[in-house]
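Keep the viewer open as you read.

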Protein chains: 2
Amino acid sequence: MKNKEKHVNVRDVQDVLDLIGGRWKSAILASLCDKEKRFNELKRDLGTITPKILIKELKFLEMNKLIHKADSLAVSSFQIYHLTAHGRSLEPLIVSIVMWGKKHREMLNYS
Amino acid sequence: MKNKEKHVNVRDVQDVLDLIGGRWKSAILASLCDKEKRFNELKRDLGTITPKILIKELKFLEMNKLIHKADSLAVSSFQIYHLTAHGRSLEPLIVSIVMWGKKHREMLNYS
DNA sequence: AATACCACTATCTTTTAGGATACTATAATG
DNA sequence: CATTATAGTATCCTAAAAGATAGTGGTATT
């Protein structure tokens, strides 16, 4: 593997981490993997997040085409957040992360 | 899925992101997936990282048992960084991240 | 013996992320 | 009609992450 190719990999990794990294982004995505949700529903799921941070992260994820905000069909005038097709393509990755996390915690318990 | 279980997932995701998130951590791990490396070798691979940041991240990863620093067997008095068994268990995840990153970039190019 | 490379350390500054807290306009509910 | 819930906004603040730059002590090379 040449040096140039390695740099590309580094960039690939960093690009993805920009999208799903940080304290909340992949938690939000994980929560939306389960089902589409409204703002306050997400807020409750995430526990300690403040509205300012949540809206900021949602806008970021929306800008990056991973989620989409739409009018709820069920109750008019309610907004609902859901994953886009592109966002759903991240689901296996999120699942892998959650699974590795569980394994990691087990390992720490047994060592 | 009950609310409690969801919070656990959120924590799982956040735990893993603490380990591999941020600008450099998974880039370093990705680079070490390829092969074990010395400090300056890593520095070159990562391009723009400063020594202060690199050593900080290496120490963090070492503390979390994902990498290990050892005396090089080849050249005495040289230090070499390599993944631990636990760190290697992250490799499929890193590979998935890199692959999704490539796909993501392609998608952005075609839209 | 001089130079260059290796693996850091130290200091200072900027940038960013994230949190605390309070507030608001609209809609729904009892 | 009063209360509660929804979906945010606005302002201020702190801590942590990251970068720029310089320096150091040891080793290897020529």
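Predicted model: local features only at pLDDT ≥ 70, side-chain atom pairs only at ≥ 80, totals over all residues.

## Around DNA strand D

A residue is near a strand here if one of its heavy atoms lies within 4 Å of it. Of the atoms of DNA strand D that come within 4 Å of the protein, 55% belong to sugar and phosphate.

The side chains give some polar contacts to look up, meaning pairs of N or O atoms within 3.5 Å (within protein, one must be able to donate a hydrogen and the other to accept it, and residues adjacent in sequence count only if both atoms are side-chain atoms). Lys52(B) touches a base instead: one of its polar side-chain atoms is 2.3 Å from a base oxygen of DNA strand D.

Which elements supply at least two residues each of the surface near DNA strand D? They are helix H3 (39-46), helix H4 (51-63) and strand S2 (79-83) of chain A, together with helix H4 (51-63) of chain B. Helices (H or I, at least four residues) and strands (E, at least two) are DSSP runs, numbered from the N terminus. By class, this surface has 9 charged, 6 nonpolar and 4 polar residues. In this scheme Asp, Glu, Lys and Arg are charged, Ala, Val, Leu, Ile, Met, Phe, Trp, Tyr, Cys and Pro are nonpolar, and the others, Gly among them, are polar.

## Around DNA strand C

DNA strand C has 18 residues around it, and Arg23(A), Trp24(A), Lys52(A), Ile55(B) and Tyr81(B) come nearest. Sugar and phosphate make up 53% of the atoms of DNA strand C that come within 4 Å of the protein.

Phosphate oxygens of DNA strand C are reached from both chains. The side chain of Tyr81(B) has an N or O atom 2.8 Å from one, the side chain of Lys59(B) has an N or O atom 3.2 Å from one, and a polar side-chain atom of Glu57(A) lies 3.5 Å from one. Two or more residues of the surface near DNA strand C come from each of H4 of chain A and H3, H4 and strand S2 (79-83) of chain B. H4(B) gives the largest share, 4 residues. The classes here are 8 charged, 6 nonpolar and 4 polar residues.

Lys65(A) is not a glycine, yet its phi is positive, about 65°. Lys65(A) sits in the loop between H4 and strand S1 (67-71) of chain A. Is Lys65(A) buried or exposed? With a relative accessible area of 52%, Lys65(A) is exposed; the cut-offs are under 20% for buried, over 50% for exposed and partly exposed in between (1.4 Å probe, protein chains only).

In chain B, Lys65(B) has a positive phi near 65° and lies in the loop between H4 and strand S1 (67-71). Lys65(B) counts as exposed, at 53% relative accessibility.

## A helix crossing in chain B

The axes of helix H2 (residues 25-34) and helix H3 (residues 39-46) of chain B come within 10 Å and cross at roughly 115°. H2(B) is therefore roughly perpendicular to H3(B), a label for angles of 65 to 115 degrees (under 35 is roughly parallel, over 145 roughly antiparallel, the rest oblique). Axes are lines fitted to C-alpha atoms, for helices over the stretch in contact, with angles from 0 to 180 degrees between N-to-C directions.

## Reading the numbers

Residues are numbered from 1 along each chain as its sequence is written, and chains are lettered from A and ligands numbered from 1 in the order in which they are written. Local features need pLDDT of at least 70, side-chain atom pairs count only at pLDDT 80 or more, and totals for chains, interfaces and linings use all residues, while side-chain values use heavy atoms, with hydrogens and water left out.
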